[in-house]
Amino acid sequence: MNAKVQIRKMEGYDLQQLQDAVASYLKSVRNPKLNRAKRVLIKPNLLGAYPPHKAVTTHPMVVEAIIRHFLDKGKEVWVGDSPGGTVAVESVWETCGYKDLARRYPIKLVNLSTMGFREIQKGENTLRISEAFWRCGIIINVAKYKTHSLMAYTGALKNLYGLVPGLIKSDYHRQHPDTNSFARLLLDLWEITRKRITYNFIDGIMGMDGAGPSAGNPRYFGLFFGSESVPAVDYIASKMMGFRLHDIPYMHDALHTEGILPSRIQIPTSFKDYPVFDADLGVVKLRKDLLKYLPEFVRKGFHQLYYKQPVISEDCKRCGICVRSCPVKAIAWQEDGFPKIDEKECIRCMCCHELCPHHAVYIKRSWVARISRL
Ligand code: SF4
Ligand code: SF4
């Protein structure tokens with residue numbers, strides 16, 4: 001398959017420039033549903049209640065440009081996500097700037113956690129996917145460009161995890177504690193949904209490196225990506241951030257499923273020799289995919305020497321989100337009034353690190369992990 005990825009350089013969030021890019025990217029889409037379907041679901045990354053300048057969530061101006069595009073075409077527009085853990089969706093809409101969009105445009109904000117779901121079997125996994133997804137003929141996936149403490153990188157494919165309602169996500173983390181097993185789950189989710197995904201954008205104007213997806217460093221990349229293909233856009237975007245193919249546990253299999261050769265992905269000529277950013281990937285980069293080819297006893301030994309463990313710091317504000325969201329209940333309140341992680345129970349899913357709104361959960365790395373910086 002010949003896949004195409006659109007990329008534009010942008011100085012900042014400028015509505016007119018974004019609208020021009022959205023219109024131009026979507027012009028090349030041949031999917032007849034784009035004209036025929038009446039209802040659009042725009043699926044941003046709304047991980048938690050973070051203001052846009054923190055670069056954790058999809059910037060509302062990117063979504064605004066897409067909203068305007070589809071309203072101009074006479075479509076009904078839904079904007080929806082299911083934030084992680086037990087975060088209240090109303091505060092997410094408000095803080096991330098989406099309530100303001102709903103005040104200014106005739107759109108519907110949909111909470112993907114409360115609209116019911118359809119249960120689909122794929123391989124060994126049974127996945128629950130929000131009913132809102134099935135009710136829309138056009139699906140626009142609008143990811144944020146970030147590092148990710150569990151999966152190394154988060155873009156278009158990982159953003160689909162928000163189609164799984166609420167705490168069911170935590171339950172899947174409990175069932176898939178190993179990175180490769182969780183990657184398989186994400187691949188199954190994508191394979192179930194891929195034929196219905198009309199287009200993918202990645203907001204890489206302000207992204208995040210370091211300890212993403214929420215506690216890293218907001219970072220200017222100045223890039224706005226688009227593609228009909230989830231793996232193609234993720235491959236190009238992650239490569240530009242400095243990742244290699246095997247750094248991201250699902251990347252090879254996703255490209256293979258679509259029959260895409262990385263060298264054949266078409267990108268604008270001006271980006272052919274674009275410099276790879278010197279992004280800080282040290283905390284998140286782990287080529288765990290290579291481990292699956294090793295015998296069990298070698299893997300166990302490796303895990304004892306190489307590990308990343310979340311730890312709650314003194315910055316904790318005792319909001320309780322991590323305690324309520326931990327899929328294996330490994331975080332408990334102590335007598336001093338602060339939560340603590342039981343390292344023996346912890347499956348290192350990094351949900352607490354991802355969801356803590358005060359960046360009070362940091363990642364402790366074993367000495368092997370620190371010196372190897374795989
Ligand atoms: S570590 Fe973070 S999420 Fe957990 S209670 Fe403290 S502030 Fe809240
Ligand atoms: S303590 Fe954090 S990393 Fe460990 S299982 Fe709970 S949420 Fe996951």
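Predicted model: local features only at pLDDT ≥ 70, side-chain atom pairs only at ≥ 80, totals over all residues.
Local features need pLDDT of at least 70 and side-chain atom pairs count only at pLDDT 80 or more, while totals for chains, interfaces and linings use all residues. Residues are numbered from 1 along each chain as its sequence is written, with chains lettered from A and ligands numbered from 1 in the order in which they are written.

Overall, the protein chain carries 15 helices and 14 strands (DSSP runs numbered from the N terminus, with helices being H or I of at least four residues and strands E of at least two). Its radius of gyration, taken over C-alpha atoms, is 20 Å, close to the 21 Å that the globule rule gives for 374 residues, so the chain is as compact as a globular protein of that length (the rule is 2.2 Å times the number of residues to the power 0.38). The C-alpha trace spans about 55 × 45 × 40 Å along its principal axes. Of the 374 residues, 49% count as buried, that is, 20 or more other C-beta atoms lie within 10 Å of their own, with C-beta atoms placed from the backbone.

Leaving aside residues up to four places away in sequence, Ile66 touches Val22, Ile42, Ile140 and Val142, a contact being C-beta atoms, placed from the backbone, within 7 Å.

The contact takes 22 residues from domain 1 and 19 residues from domain 2. On the domain 1 side, the elements giving two or more residues are helix H8 (168-175) and helix H9 (179-193), and H8 gives the most, with four.

Then there are the ligands. Ligand 1 is surrounded by 13 residues, the closest being Cys316, Cys319, Ile321, Cys322 and Cys356 (C-beta atom, placed from the backbone, within 6 Å of the molecule). Around ligand 2 there are 13 residues, of which Cys326, Cys346, Cys349, Cys351 and Cys352 come nearest.

Notes:
Contact = placed C-beta atoms within 7 Å. Buried ≥ 20, exposed ≤ 12 C-beta atoms within 10 Å, placed from the backbone.
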